[in-house]
Amino acid sequence: MGKIYTGNNKKTSFGLAFSVGAVLFSAHAGGGFATGNQANTYYVSLGWPGALSAVLAMLLLTLTMREAMIMYNARGLKTYKELFNTLFHPFDKLEWIFEIFFNIMVLMAVAAAISGAASALKGYFGLNYYAGIVAVGAIVLVLTIFGADLVRKATAYMGIIILVTAITIYAIGIVKGGASLGDILKADFISNGFESVKKAISNSFVYAGFQCVTMPTMVACATHLPDSKGCAKSMWFSFVMNTVALVLSVFMLQSWSPVYTAIDGGSTIPTLTTCNQMGMAWLTVIYAICLLLCLVSTGVTTSFGFVSRFEKLSIFSKIEKVPVRSAIVSAFIIILSMGISLAGLTNIIKYGYGYCGYLGIIIVVIPFLTVGYYKNRKYIKENGDSNMHMKYM
């Protein structure tokens, strides 16, 4: 029969909105600001516009995610393939471009998480690099095979811990900076003026572009949000958390840049190098724990989208137990990413993320903020604004 609009009076609770927002925060945390590598590569070198570029990137990312979540929920879509078919319709075949982007970026993101975690475990705890890979891979495997609810709940708790510890570390780092942050930014403005602004805008789009690899995970975890206001609320939470952490990390690294860049290998995980240079052992311990949580959460949220897509393939149809199917797919992507991780964290972020970021701008960010925005508003106007307002008779 037909569809009947039954209305929607359900409001999004603080806890639900926060937990969904924390998924994106946790996914971004690992490579984004915990290691400091991405922040150093895309923002620190810009000088005074670096922090503004970071804010713009987070705004672009969360607005893009909001439109994707609204489109997914309002229409009751089941997979991200259906999401991109809806976005690109009547040019449905363009969805395959996202498939290429997504699969490459999953490999890059999980490889970066594995490489970063193994480097941290080796550098701080003295654990063998390969043993570190196995340990992190096992944790990611367990968390990705039991569905979206576990991912959402696990990353929510990790997100709170990460946010508190990260802000503490960055605040102390800024205060104890190797040089005055104000003097550094003032000197850069006097010396370079607005020379870096164009690059800052470009970097913000690229950064938002490759962070969209988490979109399949985000739309899967956001299905409990009742309407577009719920989607927007969760993404504003995420925007605040991501922006505060990323901007503080940029400021801290800018004040310590002359120190860690002078140390051989210091730029691979510049935040760890900075913590070591502060001479505060307890802070380094807190950071090491925070870093591992960040990298695990990034690996979990990123690989989960891949698992949820490929575990439904006909080749796995004879395997009745869902956790077993998920484990097989997750193990495949983790093992493949381990090979890529041998290229090193800096190379993965600079080249792998960079080129994928340009592709993400074209096929994800701009389409959702233009065509996606228009289609969502038109659909809501005609069908109502609810994730659970359609019933079949």
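These questions and answers walk through a predicted model of one protein chain.

Q: How many helices and strands does the secondary structure of the chain come to?
A: This model is predicted. Its chain has 393 residues. The secondary structure comes to 15 helices and two strands.

Q: What percentage of the residues in the chain is buried?
A: A residue counts as buried when its relative accessible area is under 20%. The chain holds 393 residues. Buried residues make up 57%.

Q: Among contacts between residues at least 6 apart in sequence, what share joins residues at least 24 apart?
A: A contact needs heavy atoms within 4.5 Å. Take the contacts in the chain between residues at least 6 apart in sequence. Of these, the share joining residues at least 24 apart is 84%.

Q: Is helix 12 largely enclosed by the rest of the structure or largely open, and how many of its nine residues are buried?
A: Helix 12 spans residues 270-278. Its buried residues include Pro-270, Leu-272, Cys-275 and Met-278. Helix 12 is largely enclosed by the rest of the structure, because the number of its nine residues that are buried is seven.

Q: Which residue with a positive phi follows helix 12?
A: Helix 12 ends at residue 278. The residue that follows has a phi near 75 degrees. That residue is Gly-279.

Q: What is the relative accessible area of Thr-271?
A: Thr-271 lies in helix 12. Beyond its neighbours within four places in sequence, Thr-271 is in contact with residues including Phe-33, Tyr-170, Met-252 and Tyr-287. Thr-271 is buried, with a relative accessible area of 0%.

Q: Which residues do salt bridges that share partners join into one network?
A: The count comes to two salt bridges. One joins the side chains of Arg-66 and Glu-67, at 3.0 Å from N to O. Glu-67 also meets Arg-377. The network is made up of Arg-66, Glu-67 and Arg-377.

Conventions:
Residues numbered from 1 in each chain as written. Predicted model: local features only at pLDDT ≥ 70, side-chain atom pairs only at ≥ 80, totals over all residues. Heavy atoms only, no water. Salt bridge = Lys/Arg side-chain N within 4 Å of Asp/Glu carboxyl O. Helix = DSSP H or I, 4+ residues; strand = E, 2+ residues; numbered from the N terminus. Buried < 20%, exposed > 50% of the residue type's maximum accessible area, 1.4 Å probe, protein only.
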